[in-house]
Amino acid sequence: MADVLDTRQFRSSTEAALMSLAVAVCYYAAGRLGLMGRLVVEGVVATPIWPPTGVAVAALLLLGARVWPGIALGSFLVIASLTTPGPTTVVTVVSNTVAPLCAFLLLRRVGFRLDMARLRDGLSLVFLGGFGAMLISATAGVGLQVAKSSLDKSEFWPVWLAWWVGDTMGVLLVAPVLLALAGPAGRFRVRRWKEAAFLGLTTLILMPMAVLSSMSMLFLVFPLVIWAALRFQLAGSMLCALFASVLATFEATSGRGAFLHLTDVEVMAKLQAFNGSAALTALLLASIITEQRATRRSVRRACQELAEVLEHLAAGEPSPGPPGTAETRPAPPGGHRNP
């Protein structure tokens, strides 16, 4: 019996180690991708979208808290690829690990569902997983820069805001996409596939035009996001929002299109406003549509059950009871029922 328990513990530990290693690889890859779209704010490099936070939160929600070593390892690898690790690296790694863990614990505390089929799930991810938990990593990271005297105190808030928004956008844009892709795939009819292909083609044509245009036509993105949310819920809307945000980020870093002739602070403010609006529109609207469809299905199912009961009553038959319950028997003559 002891050998069996030891074998199970070994398998569990090995599985956790392999999953943590996979999370570390994904975290590092997402970090390298995020650094491709970095901006300079007050002389400090900032990323408008930091995908590793979304990867970390999604990994914790899907695999559990046991993969936190993978987040810490991935954070350390990203830092080591940029600079020589030092004593302050520990603080950054800890804050980058604790923030997603806090997001995971808060979401689990409020009963967050991975399918995000309720509006409360979308609001929980926005305010608890994004806005709330990411305060930890932003405050610790920028506070460390001030403590090291590499950043002036007067520059704290602009840099803190850029750091916090970057981490939050990673949660709001990347985590829902990963959760949607990891969920069960829905059945598409041929007509839905045609509509999905048409939406994808329209997105590939219209979104670059809206973002690359120097006439500041970013608003053209939102009808596509709304269309995707109405017809394809979370997966469609979040993929559209993520694609638009990535395009806008790369245009902002090069100072072209809608970000032409803007200062660094103006570029960051405009980009953050656009990314936040796209993420919130896609996430919350998709949650509302999904919840309404689930409610409609429940009402339709209840109506069908009620119609069946009425049919039985009209035919003089006993109504079918819930599974596992005995049917009501008519009383024998004399008005007394058998026990």
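Modeller: Helices (H or I, at least four residues) and strands (E, at least two) are DSSP runs, numbered from the N terminus. This is a predicted model, in which local features need pLDDT of at least 70 and side-chain atom pairs count only at pLDDT 80 or more, while totals for chains, interfaces and linings use all residues. Residues are numbered from 1 along each chain as its sequence is written, and side-chain values use heavy atoms, with hydrogens and water left out. By the DSSP rule the protein has 10 helices and two strands, in the order α-β-β-α-α-α-α-α-α-α-α-α from the N terminus.

Biologist: How do you know that the span of α10 is close to the expected value?

Modeller: The expected span is 1.5 Å times one less than the number of residues. With 51 residues, α10 is expected to span 75 Å and reaches 74 Å from its first C-alpha to its last. Gly316, with a positive phi near 80°, follows α10.

Biologist: What makes Phe222 and Phe274 an edge-to-face pair?

Modeller: Rings of Phe, Tyr and Trp (its six-membered ring) pair if their centres lie within 6.5 Å; planes under 30 degrees apart count as stacked, over 60 as edge-to-face and the rest as tilted. The ring centres of Phe222 and Phe274 are 6.0 Å apart and their planes stand at 75°, so the pair is edge-to-face. It links distant parts of the chain, since Phe222 is in helix α9 (residues 221–254) and Phe274 is in helix α10 (residues 264–314), 52 residues apart.

Biologist: Why is the pair of Phe131 and Trp164 called tilted?

Modeller: The count comes to seven aromatic pairs. In the pair of Phe131 and Trp164 the centres are 5.6 Å apart and the planes at 45°, so the angle falls between the two limits and the pair is tilted. Phe131 belongs to helix α5 (residues 119–132) and Trp164 to helix α7 (residues 156–182), so the pair ties together parts 33 residues apart in sequence. Ring pairs also link Phe131 and Trp164 with Phe127, Phe156, Trp157 and Trp160 into a cluster.

Biologist: Why is Trp164 called buried, and Phe131 partly exposed?

Modeller: Buried means under 20% relative accessible area, exposed over 50%, and partly exposed in between (1.4 Å probe, protein chains only). Trp164, at 17%, therefore counts as buried, whereas Phe131, at 25%, counts as partly exposed. Phe274 is buried at 6%. Of the 339 residues of the protein, 40% count as buried.

Biologist: How do you know that the charged end of Lys270 sits over the ring of Phe259?

Modeller: The rule asks for NZ of Lys or CZ of Arg within 6 Å of the ring centre and within 35 degrees of the ring normal. The charged end of Lys270 is 5.6 Å from the centre of the Phe259 ring and is listed as sitting over that ring.
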